Amino acid sequence: MKSKHRYRYRRRANQVLDVLITLLIAGFCLGPLYWILATSFKPMGTEYLIPPEGWPSKPTLEAYRIILGIPSEASQEGVSGEGVFGSATEVPQAPSLHFLLPIRNSLIVSSTVAVCSLFICSLAAYTIARLRFRWKIQSLLLLQVAGLLPAVMVIAPTFVLMQKFHLLRTLPAMILPNIAYNVPLGTWLLAAYFSELPWELEDAAKVDGYKPFQIFRKVILPLAAPGLFSAGVFAFLGTWGEFILSSVVTMGVSSVQTVPVAILNLSFEFRYQWTWVSAAIILSVGLMVAVALFFQRWVIQGLTAGSVKY
Amino acid sequence: MAEVRVESLCKAFGEVGALHDVSCVFEDRRLTVLVGPSGCGKSTLLRTVAGLQDPTSGTVYIGDEDVSGAPAWDRNVAMVFQSYALYPHMTVFKNIAFPLEAAKMHKDDIRRRVTETAKILQIEELLKRKPRELSGGQMQRVALGRAIVRQPDVFLMDEPLSNLDAKLRVLMRAELKHLQRQLQVTTIYVTHDQAEAMTLADKLIVMNAGRIQQMGKPEDVYRRPANKFVAGFIGSPPMNFVGCQYDPENETLSGAAFDIPVPALWRGVLGGGPARSLILGVRPEDLVVETSPVSGALRATVYVIEQMGREILLTAMLGTDPIRAFTSADATLDPEQEVWLSMREGATHLFDGQTEESLDSSEAYKA
């Protein structure tokens with residue numbers, strides 16, 4: 001009986017510990033995000049209040065209205081607030097902030113990168129996972145090494161390349177290099193996925209009269225939908241958050257800026273208006289979450305269940 | 001419809017040889033079963049005929065055409081896989097229609113052919129389902145449907161029943177045989193199950209270690225096995241083997257625990273020859289169990305008695321060799337009891353002690 005109680009007590013203690021650790025990790029990850037969310041709803045000037053407000057006492061959508069360039073009384077009169085240097089700072093009229101433009105740019109760049117890199121990665125991954133050829137392992141390793149190069153190392157040559165192609169200050173200057181950046185990881189992800197698909201399906205399709213590319217299109221790709229989703233979302237999110245390349249090749253031209261660059265400019269240009277910056281960050285993150293949730297609908301778990309029986 | 005012929009086929013995977021100089025004919029409109037233990041090369045042979053594997057050397061003919069270098073999609077063969085290999089993202093209808101779409105057939109014709117096939121296999125009500133919604137037996141039928149819908153020259157079946165439960169397997173076995181008779185398509189069927197092989201085959205090809213051991217009608221292979229491997233592989237429970245020495249002076253076969261006169265059947269074959277080491281083989285159903293001494297019988301001790309319902313399977317020890325025999329269900333036997341096992345006339349087999357090849361038995365068996 002004694003040991004039974006001790007066992008129960010231990011189990012209870014473990015459960016409490018589990019919950020505490022989970023809360024700690026969640027707080028670490030979500031804490032800053034919560035703070036940004038709360039700040040985005042604060043009336044301008046109240047973000048520096050001491051003691052700080054955990055949640056604004058008078059929440060407002062003003063910051064969103066301003067960064068999206070929606071005219072309102074406040075924005076038409078010009079807004080003022082406490083800057084980072086503690087003095088009241090006059091800021092330009094809100095209608096000049098068209099945050100929808102960087103969102104549009106980011107959507108174009110990220111989705112083009114996701115689609116194009118999926119096309120290239122799926123072909124490369126199929127070749128690596130399913131076909132036999134010399135230097136297979138070596139090519140896979142080379143790809144991996146290329147993927148390990150830090151962004152700062154490739155930024156200068158990429159800039160020169162884009163300059164030669166006369167692509168600086170355009171969206172393709174971000175699209176083309178980002179496709180290349182995403183190929184190594186995407187190929188690895190998809191190759192791992194393809195290699196797990198049963199060989200019999202491919203054999204069956206061959207005997208049924210299909211050639212390798214048709215098999216790839218009609219059998220392999222539909223079955224790899226969850227893998228394609230993962231690789232696509234990785235590419236999309238990676239490109240959406242990409243900063244170094246975008247900040248260099250856009251060269252300060254606001255019409256081609258993507259979201260991360262626009263957020264940085266927002267904070268510089270308007271003397272650290274944290275409510276605006278926070279609203280911009282929340283919009284950016286919210287869109288990402290929406291994209292991830294939307295595409296998740298297309299992933300049917302256990303799609304391969306029932307295809308072959310062992 | 002076409003005859004399939006392979007000539008001097010060799011296949012090696014790196015250093016490992018899977019097929020060694022295999023030549024055989026799969027007759028037109030007949031069901032030929034390739035049987036052998038795992039790793040004997042039967043699936044490799046089938047996949048080579050399908051075009052899923054290139055032979056290292058040798059030739060494959062379908063009809064009169066040499067297809068050795070042709071890819072699988074150009075061979076007009078249909079294959080049923082052990083795992084069924086149904087496309088999980090397609091409905092049953094789409095699965096069956098898939099080969100017809102590859103042939104760019106008109107949509108109306110595809111619909112007609114799929115419906116006809118579904119009718120033959122009694123799966124009309126499953127056409128809208130996905131493979132994951134089917135039972136093992138239903139998946140098996142869909143896989144068969146996908147094979148027969150295109151009316152191929154040859155059916156290739158790679159252990160198609162091995163994933164079904166025992167009861168369904170027996171049922172499907174009969175259906176398969178009926179279907180093959182009905183469609184009259186040359187069929188190559190691979191299995192490791194000798195009972196399945198015996199019941200299905202018009203012609204049986206027994207393989208081991210990448211080589212053909214024996215070909216022929218199932219009953220011939222059963223009655224006149226060419227070597228000890230075939231004798232032991234075909235038949236369940238397997239044939240009993242005991243090592244012995246032929247003594248030409250006394251015309252006896254003597255082993256560690258027995259000394260019997262050479263069976264009449266073999267006297268002509270052995271008579272006058274030198275002393276040699278042999279392997280005596282006799283099937284469990286060809287032994288008669290007696291509880292009192294019988295001359296010329298093997299004296300053994302009862303080891304295990306297994307009641308099978310219709311009969312008893314008895315395992316008795318002949319020295320250190322276990323011997324199995326069937327006897328009637330009402331026989332009263334006890335463990336450790338002495339029994340005398342006499343061999344039915346004309347049902348003994350002798351194999352050379354070194355080569356394990358059957359002594360030329362054609363004459364002996366006729367006797």
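Which element gives the largest share of the lining of the largest cavity?

## The largest cavity

The answer is α5(B), which contributes four residues to the lining of the largest cavity. Please keep in mind as you read that this is a predicted model. The cavity has a volume of about 70 Å³, and it is one of two cavities of 30 Å³ or more in the structure.

Its lining is made up of B:L31, B:L144, B:I148, B:F155, B:M157, B:L176, B:L179, B:Q180, B:L183, B:T187, B:Y189 and B:L200. In chain B, α4 (136-148), β7 (154-158), α5 (166-183) and β8 (186-191) each provide at least two residues of this lining. Sorted by class, the lining of the largest cavity holds 10 nonpolar and two polar residues, with no charged ones.

## The second largest cavity

For the second largest cavity, turn to chain A. About 50 Å³ of space lies in this cavity, and the residues that line it are A:S117, A:L118, A:C121, A:N182, A:L185, A:G186, A:A231, A:F234 and A:A235. Two or more of the lining residues come from each of α4, α7 and α10 of chain A. Six of the residues in this lining are nonpolar and three are polar, and again no charged residue is found in the lining of the second largest cavity.

## The largest pocket

Now for the open spaces. The largest pocket holds about 630 Å³ of space. At least two lining residues come from each of α4 (100-130) and α8 (199-207) of chain A and β1 (4-13) of chain B. With four residues, α8(A) gives the most to this lining. By class, the lining of the largest pocket has 11 nonpolar, three polar and nine charged residues.

## The second largest pocket

The second largest pocket contains about 540 Å³ of space. It is lined by 28 residues, and the closest to its centre are A:G147, A:L149, A:A180, A:Y181 and A:N182.

The most come from α7(A), with nine residues. The lining of the second largest pocket divides into 20 nonpolar residues, seven polar residues and one charged residue.

## Where the chains meet

The contact between the chains takes 24 residues from chain A and 28 residues from chain B. Together the two chains bury about 2300 Å², and carbon and sulfur atoms give 63% of that area. Two salt bridges are counted between chain A and chain B. A:D203 pairs with B:R47 in a salt bridge whose closest N and O atoms are 3.0 Å apart.

Nine residue pairs are in polar contact across the interface of chain A and chain B. On the side of chain A that touches chain B, α8 and α9 (212-223) each give two or more residues. The largest share of that side, seven residues, comes from α8(A). By class, that side has 13 nonpolar, four polar and seven charged residues.

## A salt bridge within chain B

Over all chains, the count comes to 17 salt bridges. Side chains of opposite charge can pair when their charged atoms come close. One pair to look for in the model is B:K203 with B:E27, whose side chains meet in a salt bridge at 3.6 Å, N to O. B:K203 sits in strand β9 (residues 203-208) of chain B and B:E27 in the loop between β2 (16-26) and β3 (31-35), so this pair ties together parts that are 176 residues apart in sequence.

## Backbone details

Most residues other than glycine have a negative phi, and most peptide bonds are trans. A few places in this model depart from that. The peptide bond from A:I50 to A:P51 is cis, with omega near -5°, and A:P51 lies in the loop between α1 (2-40) and α2 (62-67) of chain A. In chain B, a cis peptide bond joins B:S236 and B:P237, with omega about -5°. You can find B:P237 in the loop between α8 (228-233) and β11 (240-247) of chain B.

A:W135 is not a glycine, yet A:W135 has a positive phi of about 60°. The place to look for A:W135 is the loop between α4 and α5 of chain A.

Definitions and conventions: Residues numbered from 1 in each chain as written. Chains lettered and ligands numbered in written order. Predicted model: local features only at pLDDT ≥ 70, side-chain atom pairs only at ≥ 80, totals over all residues. Heavy atoms only, no water. 1 Å grid on protein atoms, 1.4 Å probe; cavity = no way out; pocket = protein on both sides within 12 Å on 5 of 7 lines; lining within 4 Å. Points joined across faces, edges and corners; volume = space filled by probe spheres on them. Nonpolar A, V, L, I, M, F, W, Y, C, P; charged D, E, K, R; others polar. Contact = heavy atoms within 4.5 Å. Buried area = accessible area lost by both parts, 1.4 Å probe. Salt bridge = Lys/Arg side-chain N within 4 Å of Asp/Glu carboxyl O. Polar contact = N/O pair within 3.5 Å; in protein donor to acceptor, adjacent residues only side chain to side chain.
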